[in-house]
Structure formats: C-alpha cells, structure tokens
Amino acid sequence: MQALILAGGEGTRLRPLTSGTPKPVVSLVDRPFIVFMLEWLARHGVDDVIMSCGFMAEAVRDVLGEGEGNGPRIRYVQEPRPLGTGGGLKFAEDLLDERFLMLNGDSLTDLDLTAQLAQHEATGATGTLMLTRVADPSSFGLVRTGADGAVEAFLEKPSAAEAAGLDTISAGAYVLERRVLELLEPDTPASIERDVFPRLVGEGLYGHVGSGYWLDIGTPDRYLEGSFDLLEGTVASAVADRLGPDFVRIADDVVNDGRIVPAALVEAGCRIGAGAQVGGRAVLQAGVTLGAGSVVEGSVVLAGATIGEGCVVRDAVLAAGATIGDGTVVEGHAIVGDGVRVGRDCVVAHGARLFPGLEIPDGALRF
C-alpha cells in the first residue's frame, strides 16, 4: 500500500521549535514527529511513502533518509512553491498508484487505517475520508454522512442548528482512487478539502468513522498534550512499549541524586542534582543537566539543555542546548528556543517564546 504525506508547511504555530528545524522532524518525546506517522502506517501495511515537502525539504531527507530498516520506503517530492493540499497531490501524480492513502502530516494518531481501507473496498468508493468524533466540534468543520456512510455535506463554521447531533470531523487521512487527480490542474494551487471533496459528494465519496486517538499536533499546547499522551500510553506507539506499565524509562547511565515521578522519560547522559524532581509528565532528552533543588514537571526538555539550581520548569518546552540560570522559572506554555541563554532569577511565562540567538541577562525578564 502507498501513502502520500503532505509535509510542506513551515510550522509557524510551533515556532521557535521550527525556526531552524522542519516541522516533520521536530523531536517529539524520543524521535522525529513524522516517525510516529511512519510507524503507524507500517502497522497497516503501508510499504511505500511519498513525502511531499516544501520548507527545508533537504533537512527532512537528511533525517529520514530513504526509509532504511524495517519501515516503508520513502521517496520525496519538493513543491517549487506552496500549492495547497490539492496542488501538492497533483504535483506528486507521476509517483502515485491507482489507489493510495493521502495524509495530513500534522496528526498524531492510532486510528484504524485497515478498517478504513476495508470499507473503501467494500463500497467501491472514489474516496473515503477518515472521520473522528470530537467532544467540542466548534473549532472544526463538520462532515455529515448518511446511514451508508456516504458523505452528504461539509459544514464549515456551522450554526448551532446545523451542528445539532453532529460530532464527526475529518482526521486528515484519505483513501483515494487515482481518478480524483482528474479534478485538479497541474501547477495550480488548490485545496482538496474545498475544491475537490465537495465536487465528489454524491459521486462516490464516503466517510469512515474511526475509533482511536487523534490529535493535530501543530500548536505548543498540543505538542505538550501529545508528548504526555505518548508517555502515558493514551496513543498506541513504541514510546508506550519503551516505558512499560510503570510509565517510566531511565537510561542506565543517568546520574540521579533526585526524584523521578511517573510518567517520565530520562535519556542517556542526563544528570539530576540533589533534591531535584523530574515529573510527573516529563521528558529529559539525552545529555540534559538539572541542578540541585530544581523541578521539571509537565514539560519537555530537549537534548543538551542545562537547567541551573533552584529552577522551576512547568508546562513548558526547552529546546536543544538551552541554558536556564539559577532560580529562574519557565512556565505557562513558554517555549525557550535552541541555544537560548536565560540568566539567573528570571521568569518566562504566559506563552512567551524566546527565539534562537537570544541571551537574557540575570533578572532582566519577569514575564
């Protein structure tokens, strides 16, 4: 089975994590984000992946390679300019089979693609959309289907009356027949959601309501939410297998003079000072140093970051190589970018984003 992954966006909502790193290969817990999607696809029989890239495409290729090992083969296409979801699909036309999966590269999920493919086959559909139920559909466009699963309407920003009784949205995973490409023009920006799918209503477009986990990972809040769901096994993944039933994984060479509380992942080369606490819900990637008496809770600390003594890092992200001075607090969904240096006795909070290259003197930031 073949899959086309649309991974060309710049990931602006995740900056500064994406300031120098393409969104598909931003680190999530213990591996590049897109690897979770590749592993999910492999579990459902996908052996050929086409990555449709735009922003920093070569950097994506450098990290993922050609899919060596037990995963699917990976091939790449690079859009010369942003073409949208429909234009990106058309641009990859020469590589596509008669039937293929098309996926939005922003999702963390374990939805059952095998069941979606089986329904697509049984109905003889032109396209089958993976749908998922959400508790609050107000932020999404809704999809209405009939008793047989046929899509009847797409409702963008519906009124309360229109939305009554509906809770299914598109999960960004589609099974498509190659003839869908006939509805798109070469080298022309287009949206498959707005320009193609409405034209297929009544012409073989179906929805499959999947069961399982689904999350759009494209914001800092959801980046943290996805990280914790991986730690706690809420979404099926190799991370849950690594941590096991105790929801803790500590590398053998970690120097730990503090306390580690589940759920937590502490990778090789980390040093945890006397009286410090890691967790619950915390990731320390390789080579992180945590000073005496400091706390990292509900946070992700990427490789090589250094946190001084008496610090609090709570509900925040520290990117690779960041340095946090003694007594500093980083909280409230703040993100400290790659290599940023924050001095002593600062407060970084309220969703603040510190971009690579910044150096904050002692006591200079109390936000």
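Our tour starts with rings: a search of the whole structure finds two aromatic pairs. Rings of Phe, Tyr and Trp (its six-membered ring) pair if their centres lie within 6.5 Å, and planes under 30 degrees apart count as stacked, over 60 as edge-to-face and the rest as tilted. Before you click, note that this is a predicted model, where local features need pLDDT of at least 70, side-chain atom pairs count only at pLDDT 80 or more, and totals for chains, interfaces and linings use all residues. Residues are numbered from 1 along each chain as its sequence is written, and side-chain values use heavy atoms, with hydrogens and water left out.

**Stop 1: the rings**

Select Phe154 and Phe197. Their ring centres are 6.5 Å apart and their planes are at 15 degrees, so the pair is stacked. Phe154 sits in strand β10 (residues 151–155) and Phe197 in helix α6 (residues 192–200), 43 residues apart. Helices (H or I, at least four residues) and strands (E, at least two) are DSSP runs, numbered from the N terminus.

Which of these is buried, and which partly exposed? Phe197 is buried, with a relative accessible area of 1%, whereas Phe154 is partly exposed at 25%. Buried means under 20% relative accessible area, exposed over 50%, and partly exposed in between (1.4 Å probe, protein chains only).

Tyr174 belongs to strand β11 (residues 168–177), 23 residues from Phe197. Ring pairs link Phe154, Tyr174 and Phe197 into a cluster.

**Stop 2: one side of a helix**

Select helix α2 (residues 57–64) and colour its buried residues: Ala57, Val60 and Leu64. They cover an arc of only 60 degrees around the axis, which puts them on the same side of α2; the arc is that of the directions from the helix axis to the C-beta atoms. An α-helix has 3.6 residues a turn, so residues three or four places apart point the same way. What covers these buried residues includes α1 (33–43), β4 (48–53) and β5 (73–78), with contact meaning heavy atoms within 4.5 Å. Just after α2, find Gly65, which takes a positive phi of about 65 degrees.

**Stop 3: a parallel sheet**

Show β14-β17-β20-β23-β26-β29-β32: in that order, these seven strands form an open sheet with parallel pairing. Two strands pair if DSSP finds at least two bridges between them. At the edges stand β14 (248–250) and β32 (353–354), each with a single partner strand, so one side of each is left without a neighbour in the sheet. Zoom in on β20 (residues 282–284) and β23 (residues 299–301), which pair over three bridges. Here Leu284 has Val301 in β23 as its bridge partner.

**Stop 4: charged partners**

How many salt bridges are there? The count comes to 16, where a salt bridge is a side-chain nitrogen of Lys or Arg within 4 Å of a carboxyl oxygen of Asp or Glu.

Finish by selecting Arg99 in strand β6 (residues 99–104), together with Glu121 in helix α4 (residues 113–123). Glu121 and Arg99 form a salt bridge, with the closest N and O atoms 2.5 Å apart. Glu177 also forms a salt bridge with Arg99, the closest N and O atoms being 2.5 Å apart. Glu177 lies in strand β11, 78 residues from Arg99.
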